[in-house]
Amino acid sequence: MRADVDQVAGSFPEEDAPRRILRSETVLVLALSLGASGVSALISFVGSVTKPGALRDQAAQLNSSAAPGRPWLDLAWQLFGITTALVPVALVAHFLLREGSGLRAIGFDRTRPGPDLGRGTLVAAGIGSAGLAFYLAVQASGFNLTVVPESLPGVWWKFPVLILSAVQNSVLEEVIVVGYLLRRLGQLGWTPMAALVASSVLRGSYHLYQGIGGFLGNMVMGVVFVLLYRRWGRVGPLVVAHSLLDIGAFVGYALLAGKVGWLPTA
């Protein structure tokens with residue numbers, strides 16, 4: 001009788017659940033988060049390539065104002081968007097908690113802050129310079145839109161919001177696309193190579209709104225991140241690296257746009 005109650009309550013280990021349940025769970029998580037973003041990015045890309053003019057003459061806007069001329073309302077919308085974007089992460093945490101482990105199962109916890117920070121900083125330093133060079137090259141060659149990382153008004157909360165947005169992007173992507181997805185695909189019987197390809201292509205897909213360069217560059221980054229995750233067994237360093245990369249892009253653009261000749265602006 002107790003076993004029946006536990007099953008109804010959903011407290012059985014996920015590894016004992018039928019594969020179809022895990023498959024449905026994974027599809028739903030992706031449909032509520034980055035899978036849907038991938039479809040949206042594809043539609044946006046089709047719109048860009050069918051629009052008159054070169055891709056580099058079009059802009060991909062990130063972190064733009066939600067209520068121009070109304071800074072307090074704008075701030076409310078920014079914080080709302082950042083918070084609600086993390087709901088799929090909370091859902092993943094719930095599913096992993098049912099296994100009896102929670103997010104620590106994928107190495108997203110505070111047990112190793114020093115190594116996570118150190119490794120993440122090194123990864124960001126290595127990828128950041130190469131990524132910037134790649135973006136400038138593909139944008140100049142016409143394979144990418146001009147990415148505008150921020151166009152927020154010059155108010156007091158601008159930089160805090162940009163930093164929060166960067167951290168939110170990082171947590172969402174690394175927890176779901178690396179830690180959670182690889183775990184579930186492994187439980188579903190996918191080979192390591194197939195799971196690596198799926199994770200990397202998914203990461204590239206939701207950056208397709210930036211153009212071919214955004215897709216390819218992020219797909220390569222996805223491969224690197226999957227390999228590092230398998231080596232370290234933690235998404236913590238990846239969240240740190242991704243956060244630093246996005247903070248550098250968002251804040252750097254805000255400080256340098258229009259002041260240096262090498263940085264493309266819309």
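This is a predicted model: local features need pLDDT of at least 70, side-chain atom pairs count only at pLDDT 80 or more; totals for chains, interfaces and linings use all residues.
## Ground rules

Helices here are DSSP runs of H or I with at least four residues, strands are runs of E with at least two, and both are numbered from the N terminus.

Residues are numbered from 1 along each chain as its sequence is written, and side-chain values use heavy atoms, with hydrogens and water left out.

## Overall build

The protein has 10 helices and two strands. Read from the N terminus, the order is α-α-α-β-α-α-α-β-α-α-α-α. The C-alpha trace spans about 70 × 40 × 40 Å along its principal axes. The radius of gyration, taken over C-alpha atoms, is compared with a globule rule of 2.2 Å times the number of residues to the power 0.38. For 266 residues a compact globule would come out near 18 Å, and the 20 Å of the protein agrees with that.

Of the 266 residues, 43% are buried (under 20% relative accessible area, with exposed meaning over 50% and partly exposed in between, for a 1.4 Å probe and protein chains only).

Asn 63 is a residue other than glycine with a positive phi, near 50 degrees. Is Asn 63 buried or exposed? Its relative accessible area is 16%, so Asn 63 counts as buried.

The side chain of Asn 63 makes polar contacts (pairs of N or O atoms within 3.5 Å; within protein, one must be able to donate a hydrogen and the other to accept it, and residues adjacent in sequence count only if both atoms are side-chain atoms). The side chain of Asn 63 reaches the backbone oxygen of Pro 149 at 3.0 Å, and a 2.8 Å polar contact joins it to the side chain of Ser 165. Leaving aside residues up to four places away in sequence, Asn 63 touches Pro 149, Glu 150, Ser 151, Leu 152, Leu 162, Ser 165 and Phe 250.

## Thr 146 in strand 2

Thr 146 belongs to strand 2 (residues 146–148). This residue is buried because its relative accessibility is 3%. A polar atom of the Thr 146 side chain lies 2.8 Å from the backbone oxygen of Arg 56. Not counting residues up to four places away in sequence, the residues that Thr 146 touches include Ala 59, Ala 60, Tyr 135, Gln 139 and Ala 266.

## Salt bridges

Side chains of opposite charge can pair when their charged atoms come close. The structure holds eight salt bridges (a side-chain nitrogen of Lys or Arg within 4 Å of a carboxyl oxygen of Asp or Glu). Glu 99 pairs with Arg 183, with the closest N and O atoms 2.6 Å apart. That pair links distant parts of the chain, 84 residues apart: Arg 183 is in helix 7 (residues 158–187), and Glu 99 is in the loop between helix 5 (87–98) and helix 6. Arg 183 is partly exposed at 29% relative accessibility, whereas Glu 99 is buried at 15%.

Glu 99 also forms a salt bridge with Arg 184, where the closest N and O atoms are 2.6 Å apart. Arg 184 lies in helix 7 and Glu 99 in the loop between helix 5 and helix 6, so this pair ties together parts that are 85 residues apart in sequence. Arg 184 and Glu 99 are both buried. Glu 173 and Arg 203 meet in another salt bridge, at 3.6 Å from N to O. Here Glu 173 sits in helix 7 and Arg 203 in helix 8 (residues 192–205), 30 residues apart, and both are buried. Salt bridges that share partners join Glu 25, Glu 99, Arg 183 and Arg 184 into one network.

Which residues make the nonpolar surface patch of about 440 Å²? They are Leu 132, Phe 159, Leu 255, Leu 256 and Trp 262. Patches are made of residues with over 30% relative accessible area and no salt bridge, with like charges joined within 9 Å and nonpolar side chains (Val, Leu, Ile, Met, Phe, Trp, Tyr) within 5 Å. Leu 132 is found in helix 6 (residues 113–140) and is partly exposed, at 37% relative accessibility.

Definitions and conventions
Accessible areas come from the Shrake-Rupley method with a 1.4 Å probe; for residues, only the protein chains shown count as cover. Contact means heavy atoms within 4.5 Å.
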